[in-house]
Amino acid sequence: MKKMLKKIINFILPPRCLNCGKVINNDDALCVECLKKINFITAPYCKKCGKPLEHNISNDLVCGECLNTTKQSCFRISRSAVIYDEFSKKIILDFKFASHIENKKLLANWMFLAGTDIWKKDCDVIIPVPMHFTRFFKRRYNQSAIIAKELSKLCKIDVMYDVLKKGKYTKPQIECTSKQRIKNIKDAFYIENSEKIKGKRIVLVDDVYTTGSTLKECAKTLLKAGAKSVDTLTIAKVHK
């Protein structure tokens, strides 16, 4: 009965590419032409931060930035599904700002595949990067929370929405330089009921990894509250 109803609906309102609107065969997908334009992050990449690398010498490559850092990273590992470029940018920004919530399944599927290394290391809970309540009321939804919910269905790991909170209203990170981003987001987050995350291995979910300032501040807050480890998983990563 459900299959028949689905066929009737698709006949009346056929599935369309989430980017260009072309009629396609499957729901929540891109047409072949649009899919070819997506720059997925595949091996070789840094085993620590997930940065794409040029030469595939070994499966255990670490990028120069991770090798040369003097401070221990607050992330266990970081992964992103695609390169943030002009093409992926439109799909992500439509989802983030233009209420194109229908993009959530496609983006979550990409993230699930990109997170293979994370799932192998075992995780206890998914936590989305929170939004300040004033911005939430303005936008009406938190895109990171929506994508975390869809991702949870795929990886079978629960989401906690009520532990990591943003208590400080900040200027949008996109309007800040790299140095300003760190200062802008400093001490913006806090933990409510730290007992829920003590000893937990956490997957921190957000839309785009630019400089990592927001994710790092969230991770520091979680680790300080007793989390065992923090991995990050984003839809896209800025790569220069």
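Trainee: Which strands does helix α10 lie across, and at about what angle does α10 run to β5?

Mentor: Keeping in mind that this is a predicted model, helix α10, residues 213-224, lies across β2, β5 and β6, and runs at about 165° to β5. Angles here go from 0 to 180 degrees between N-to-C directions.

Trainee: How do you know that β5 and β6 are paired?

Mentor: Two strands pair if there are at least two bridges between them, and eight bridges join β5, residues 201-209, to β6, residues 229-237, so the pair meets that definition. The two strands run parallel, and I202 stands opposite V230 in β6.

Trainee: What makes β1 a partner of β6?

Mentor: The reasoning follows the requirement of at least two bridges: five bridges join β1 to β6, and these strands run parallel. As one example of a bridge partner, V82 has A236 in β6.

Trainee: Why are β1 and β2 called edge strands?

Mentor: The four strands form an open sheet in the order β1-β6-β5-β2, with parallel pairing. β1 (78-83) and β2 (125-128) each pair on one side only, and they are the edge strands for that reason. From one strand to the next, the twist averages 20°.

Trainee: Why is β1 described as largely enclosed by the rest of the structure?

Mentor: Six of the six residues of β1 are buried, so the strand is largely enclosed by the rest of the structure.

Trainee: Why is S229 called buried?

Mentor: Buried means under 20% relative accessible area, and S229 has 11%, so S229 is buried. S229 belongs to strand β6, and, leaving aside neighbours within four places in sequence, S229 is in contact with R76, K200, R201, I202 and L223.

Trainee: Which element gives the largest share of the lining of the largest pocket?

Mentor: That element is α10, with six residues. The largest pocket has a volume of about 1300 Å³, and of the 33 residues that line this pocket, the closest to its centre are E65, F75, Y209, T211 and K216.

Trainee: How do the residues of that lining divide into nonpolar, polar and charged?

Mentor: The lining of the largest pocket has nine nonpolar, eleven polar and 13 charged residues. In the second largest pocket, where about 950 Å³ of space lies, the lining divides into 16 nonpolar, 13 polar and eleven charged residues.

Methods: Residues numbered from 1 in each chain as written. Predicted model: local features only at pLDDT ≥ 70, side-chain atom pairs only at ≥ 80, totals over all residues. Heavy atoms only, no water. Contact = heavy atoms within 4.5 Å. Buried < 20%, exposed > 50% of the residue type's maximum accessible area, 1.4 Å probe, protein only. 1 Å grid on protein atoms, 1.4 Å probe; cavity = no way out; pocket = protein on both sides within 12 Å on 5 of 7 lines; lining within 4 Å. Points joined across faces, edges and corners; volume = space filled by probe spheres on them. Nonpolar A, V, L, I, M, F, W, Y, C, P; charged D, E, K, R; others polar.
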